[in-house]
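Visitor: I am new to this structure and would like to learn how to read it. Please take me through a few features.

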Number of protein chains: 2
Amino acid sequence: MMEHLKWSGAEKQVAKRAFNAALEREYAELMHQTRERVGAMQEGDDLWRLHDFLTDQRRKIDDKYDYRYSQLVVVFARLIHEGRLSLDELEGLHEDKLEKIRAILSLARR
Amino acid sequence: MMEHLKWSGAEKQVAKRAFNAALEREYAELMHQTRERVGAMQEGDDLWRLHDFLTDQRRKIDDKYDYRYSQLVVVFARLIHEGRLSLDELEGLHEDKLEKIRAILSLARR
């Protein structure tokens with residue numbers, strides 16, 4: 001269904017900007033958490049706990065930030081649900097996408 | 001050859017203490033490097049560079065610190081060669097082990 005949505009050039013620009021903005025926020029948050037963990041490190045095992053944490057976060061971020069047009073509506077709904085993006089930042093997308101994003105959000109909020 | 005060395009209880013204590021001392025130094029150095037990297041982080045990719053660095057260091061440390069009695073003479077020679085351990089810290093080991101450690105070191109220094 002989502003695979004058949006058409007994205008105009010202008011929509012792709014809006015999508016790219018919103019996607020990157022959310023990713024930057026994700027990175028900023030992860031840098032903050034990493035600094036806190038490193039500040040609290042006391043013994044060797046804390047290094048491996050930090051390593052495990054980063055392995056886990058890297059996998060999650062790789063999964064979450066999937067910039068395929070067939071996935072983007074679901075990706076945006078998830079980012080909005082997580083509070084990493086606002087619907088306002090998607091202004092410029094056509095109603096066909098916004099409608100689907102709102103539909104996913106209303107399911108997620110139930 | 002090394003597999004047939006016999007380790008007395010007293011020697012095992014010396015070995016364990018020396019091994020742990022070197023490992024603690026290794027961890028302290030790696031924590032220092034990690035703090036420096038985290039202090040210099042600026043963008044998201046720096047997080048993944050840190051992650052790659054820790055992946056690499058973890059593998060190296062796992063390989064290097066092999067506490068099998070069949071390997072310990074080679075492990076100690078390597079740690080001394082790297083400056084992470086001194087021969088003095090192995091005082092209490094019998095001459096059969098010290099001799100082999102010195103032999104490996106003299107090869108490594110050629």
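Visitor: At what angle do helix α3 and helix α4 of chain B pack, and how far apart are their axes?

Guide: Note that this is a predicted model. Two packed helices are described by the angle between their axes and by the distance separating those axes. Here, α3 (residues 72–81) and α4 (residues 95–108) of chain B pack at an angle of about 50°, and their axes are 9 Å apart. That angle makes α3(B) oblique to α4(B). The crossing of α3(B) past α4(B) is right-handed.

Visitor: Which residues make the contact of α3(B) with α4(B)?

Guide: From α3(B) come B:Val73, B:Val74, B:Phe76, B:Ala77, B:Ile80 and B:His81. α4(B) supplies B:Lys97, B:Lys100, B:Ile101, B:Ile104, B:Leu105 and B:Ala108. By class, the residues of this contact are 9 nonpolar, 1 polar and 2 charged.

Visitor: How many residues of chain A are in contact with chain B?

Guide: The size of an interface is often given as the accessible area lost when the parts come together. Here is a count of residues instead: 15 residues of chain A are in contact with 15 residues of chain B. On the chain A side, α1 (9–39) and α2 (44–64) each supply at least two residues. α2(A) gives the most, with 8 residues. The side of chain A that touches chain B has 9 nonpolar, 4 polar and 2 charged residues.

Visitor: Is A:Lys6 buried or exposed?

Guide: A:Lys6 is found in the segment before α1 of chain A. A:Lys6 is exposed, because 9 other C-beta atoms lie within 10 Å, and a residue with 12 or fewer counts as exposed. Its C-alpha atom is separated by 9.6 Å from that of A:His94, 88 residues apart along the chain.

Notes:
Residues are numbered from 1 along each chain as its sequence is written. Chains are lettered from A and ligands numbered from 1 in the order in which they are written. This is a predicted model: local features need pLDDT of at least 70, side-chain atom pairs count only at pLDDT 80 or more; totals for chains, interfaces and linings use all residues. Two residues are in contact if their C-beta atoms, placed from the backbone, lie within 7 Å. Helices (H or I, at least four residues) and strands (E, at least two) are DSSP runs, numbered from the N terminus. Ala, Val, Leu, Ile, Met, Phe, Trp, Tyr, Cys and Pro count as nonpolar, Asp, Glu, Lys and Arg as charged, and the others, Gly among them, as polar. A residue is buried if 20 or more other C-beta atoms lie within 10 Å of its own, exposed if 12 or fewer, and partly exposed in between; C-beta atoms are placed from the backbone. Axes are lines fitted to C-alpha atoms, for helices over the stretch in contact, and angles run from 0 to 180 degrees between N-to-C directions. Angles under 35 degrees count as roughly parallel, over 145 as roughly antiparallel, 65 to 115 as roughly perpendicular and the rest as oblique. A crossing is left-handed if the near helix is turned anticlockwise from the far one by less than a right angle, and right-handed if clockwise.
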